[in-house]
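Hi everyone, and thanks for coming. Please bring up the model on your screens, and I'll walk you through a few places in it.

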Amino acid sequence: MLWFSKKKEINPDETVFERYKTDFGIFSKNRFPVLDENGYSTAIKKGGYQLSLFRKNIFSWVPASMFQYRDFMIESEFEFHKNNPHSAFGFIFRFVNNENFYFFLISNHGMFRFDVLFNGTPLHLVEWTASEHLLEGKNTIRIIAHSDHFSFFANDEWIAEIDDEKLFSGRVGIAGQNYDEADEAGFQINDFVVESRSIEVEKAFYRWVKYVPVEPVARIGLAKTLFGQGNFSNAAILLKKALKNDPENIDAALLYSECCINLRLYSEAFNCIENFLQGNPFHLEARLEKANLFYLQNRFSEAKEYIKSIITDIKDSATLWNLLGNTEYALGNWKEADSAYSAAAKISPAIPLYHINRAHTAEQLGDIDTACTCYVTAAHYLFENESYDELESVISVVLRYKPESDEAKALQAKMLFHEEKYEQSRPLLEKLAAKNIADSGVYYLLGLFFIKENRRSEALAFLEKAAGLDPEYPLYVWRLAENKRLLGREYVTEIEQAKKLAPDDPWVNNLFGLYYIDQTNLKKAEEHLTLSFEKMPHEADIIINLSEVYFLQGKTAEALELLDRSIEKHMAARLYNQRGNIHVRTNEYDSAVADYELAIRQEPRNPLYRENCAAACIEADQYTRANELLVALVDDAPSAPVFNLLGNLASIRGEFKRAEASFQEALALSPDDPQIKTNLAAFYTDKLAYTQARELVSGVLAHHPDYAPALKLQNAIRKRFETEILCSACNRQWWVPLNPGPQELGKIVGEPPAEAPAGKCPSCGKIYCIGCAQAHLRDKRFVCPDCDEPLKLPDDSLKYLLKEYIGKQLADNPPEKKDSRPLFRPKS
């Protein structure tokens with residue numbers, strides 16, 4: 001009888017202690033899955049395991065299919081694909097799930113980083129750090145995880161180590177990151193080894209971490225990264241190790257001292273600097289650090305004595321003068337402190353701290369005027385640096401001493417504006433402007449308030465005042481030019497001045513581009529907008545303007561290509577809207593609808609995008625969606641264009657009462673809009689309401705004689721409802737209804753206008769206007785110049801015309817009104 005052993009079931013989540021190795025060959029055991037996912041794929045090709053990324057700004061990771069490890073050593077050779085864009089490849093470990101794992105990445109720019117994703121939150125353990133040991137071609141990476149300690153090696157050289165205790169076991173795997181240079185990036189690992197047997201890991205840890213020498217420069221480079229992250233403890237550990245091997249390294253000594261200061265280990269920092277100065281007694285930065293450490297340890301007398309012994313050699317150091325001021329202040333020597341702070345402020349006037357320190361000293365001396373002057377000086381620099389918290393406290397001190405200080409109030413108003421506390425800022429600005437304060441910023445910000453409220457005419461005076469007070473500041477001149485342009489005013493002087501002051505400023509060049517568009521000089525417009533785009537390739541306004549110039553020049557493909565590229569990077573709603581606008585103008589209405597829908601998806605409440613989409617939907621015969629958008633707009637943002645579109649849609653769908661009501665509502669909101677009047681006239685034309693249609697079109701053309709849609713509709717009305725009459729002498733043209741109906745003239749009083757019809761010859765049938773017939777009178781009657789027959793008005797068309805002219809003449813020149821009240825009569 002044969003007995004077969006049952007195959008052992010494998011638990012993929014088991015924690016194992018093994019040595020696993022694969023070279024991804026035919027006979028190798030492979031634990032890495034072959035995937036084809038959205039944005040990335042993996043495959044075994046050319047003797048390696050490949051990860052391919054197919055999208056910009058994608059980070060993908062692939063854990064091995066089985067087993068967890070606690071302490072381990074990973075060894076693997078990898079390479080970037082040729083011509084890779086900016087990208088990074090690396091390894092994941094202690095992978096618990098997609099929200100908890102460590103990952104170590106190496107970029108093809110010679111840098112590395114180490115992070116942990118903990119409960120879905122990425123935490124930076126080591127940010128991007130350069131290493132000379134990372135090669136352009138193949139790299140062999142070694143990672144040792146020993147309890148909470150991680151160490152990293154590239155090509156057998158130490159590059160990093162750090163402690164972290166968030167995760168203690170999990171799977172291993174690979175990861176890749178593509179950035180925004182190109183759509184595709186690829187990587188390959190040629191082999192992969194993981195050693196998790198306890199004794200072997202321990203041996204590797206002691207060999208590589210404890211005994212293999214590390215170049216001090218590598219530790220210092222990592223320490224600088226950690227110091228920048230605020231990880232002073234780990235940075236200090238690395239620097240202490242570096243100084244053990246290279247005690248004369250000033251970079252390490254100074255950075256170690258700064259770490260100790262941040263950790264409040266002042267005596268440790270002092271000893272480090274003292275040891276360094278024994279071999280380098282005249283080193284400038286070390287001497288400054290020693291003086292600072294005397295002060296930090298409250299050894300003020302020693303600090304003063306030491307500073308005075310070195311200040312003659314370092315007399316141009318504002319830091320040292322300020323430190324001397326701090327020391328004298330601590331000793332209660334106010335005048336000496338003031339002198340030292342003054343020297344520091346003179347050397348580096350743009351540093352607010354020196355002016356604040358001097359103000360404190362002036363307060364101790366009882367010199368409030370000097371204190372306020374120093375505080376205000378500091379406040380200006382704090383405002384420029386956007387240090388608003390500190391600025392607020394400084395201003396409050398000045399206003400406590402001098403409540404009527406306009407300079408302090410101006411700074412306070414500007415600070416509130418920049419903090420978007422507009423309701424507090426505006427009253428202050430208005431009061432200061434009423435006092436005619438000589439601060440250009442006050443008037444500029446008031447101008448911005450009016451611009452925001454679409455009151456540009458009122459903004460103009462404030463912008464002119466700001467530019468007048470500070471004519472060399474390009475922002476003020478540019479804003480004034482822009483405002484004048486939008487008001488339809490002449491702005492050439494201002495835009496040329498702005499260009500002179502800031503020739504490379506992208507917003508100045510953008511405005512110059514718009515200026516040349518207004519002048520129809522599209523080549524010049526393209527030149528300036530291209531300069532602007534090169535400086536600010538991510539700014540939607542500039543992208544839109546440049547695409548518009550391309551389109552106006554007939555470069556539709558270039559315009560769309562620019563928008564496509566920009567949308568890939570930003571996906572801004574305004575860019576989708578502009579692309580939709582171009583599709584509308586090329587009659588590609590379905591594409592326009594798709595773009596407007598993308599814009600709406602990003603900004604669902606924006607009425608412009610919804611209105612544009614509704615208009616495109618009507619052209620694309622998507623009436624249901626158009627109606628849905630317009631009905632929502634009537635509720636959310638009713639406007640004349642919305643009701644106008646609703647009228648057009650209702651006309652198409654045969655909803656005539658709704659169409660007329662919508663057009664009338666649009667006219668009520670915008671009574672002089674020629675488009676709405678023309679659309680309503682077209683509606684009346686279709687409904688055979690000749691009189692209303694004719695009156696509306698005539699009204700439009702009276703104010704807009706070249707308005708093409710009205711002219712086209714007028715011709716259509718004439719062909720459909722009217723007949724043409726010509727004066728036989730001057731070819732004056734009249735249009736009258738095909739059937740004007742019976743016309744009764746009655747008695748004509750006064751003299752009709754020259755352009756009115758004089759009559760028709762009963763013999764030859766020729767018609768003349770009064771202007772031409774005046775030369776042929778007999779017995780005060782118009783006669784035909786050819787037949788000498790009196791002209792008559794035999795048909796209703798001529799009578800209709802004459803009545804129209806007389807009626808218009810009476811409307812323009814009404815007769816004098818007479819008193820119609822009965823005379824007063826006494827009672828009988």
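First, some ground rules. This is a predicted model, so to speak of a local feature we need pLDDT of at least 70, and side-chain atom pairs count only at pLDDT 80 or more, while totals for chains, interfaces and linings use all residues. Residues are numbered from 1 along each chain as its sequence is written, and side-chain values use heavy atoms, with hydrogens and water left out.

Now the overall view. The chain holds 33 helices and 21 strands; these are DSSP runs numbered from the N terminus, with helices being H or I over at least four residues and strands being E over at least two. The radius of gyration is 42 Å, well over the 28 Å that the globule rule gives for 828 residues, so the chain is more spread out than a compact globule. That radius is taken over C-alpha atoms, and the globule rule is 2.2 Å times the number of residues to the power 0.38. Along its principal axes, the C-alpha trace spans about 135 × 105 × 60 Å. Of the 828 residues, 46% are buried. Buried means under 20% relative accessible area, exposed means over 50%, and partly exposed is in between, using a 1.4 Å probe and protein chains only.

Let's zoom in on strand 4, residues 48–53. How many of its residues are buried? The count is 6 of 6. In a regular strand, side chains alternate between the two faces of the sheet. Here Gly48, Gln50 and Ser52 on one side are buried, and so are Tyr49, Leu51 and Leu53 on the other.

Who are the neighbours of strand 4? Strand 3, residues 40–45, runs antiparallel to strand 4 and is joined to it by 6 bridges. Two strands count as paired if DSSP finds at least two bridges between them. Within that pair, Ile44 has Tyr49 as its bridge partner. The two strands form a hairpin with 2 residues between them, and Lys46 in the turn has a positive phi of about 50°. Strand 15, residues 185–195, is also antiparallel to strand 4, with 5 bridges joining them. There, Leu51 is partnered with Phe187.

The structure has 1 cavity of 30 Å³ or more. A cavity is a set of points on a 1 Å grid over the protein atoms alone where a 1.4 Å probe fits but cannot get out, and lining residues have an atom within 4 Å of a point. The volume of the largest cavity is about 40 Å³, meaning the space filled by probe spheres set on the points, which are joined across faces, edges and corners. Its lining includes Tyr20, Arg31, Phe32 and Met66.

Last stop: two asparagines. Most residues other than glycine have a negative phi. Asn298 is not a glycine, yet has a positive phi of about 65°. Asn298 lies in the loop between helix 6 (284–296) and helix 7 (300–310). Is Asn298 buried or exposed? At 55% relative accessibility, Asn298 counts as exposed.

The other is Asn731, with a positive phi of about 60°. Asn731 sits in the loop between strand 16 and strand 17, and is exposed, with a relative accessible area of 55%. Those strands, residues 722–726 and 733–737, pair in the antiparallel sense over 5 bridges, and their hairpin has 6 residues between the strands. Thr723 in this pair has Val736 as its bridge partner.

Notes. On a 1 Å grid over the protein atoms alone, a cavity is a set of points where a 1.4 Å probe fits but cannot get out, and a pocket is an open set with protein on both sides within 12 Å along at least five of seven lines; lining residues have an atom within 4 Å of a point.
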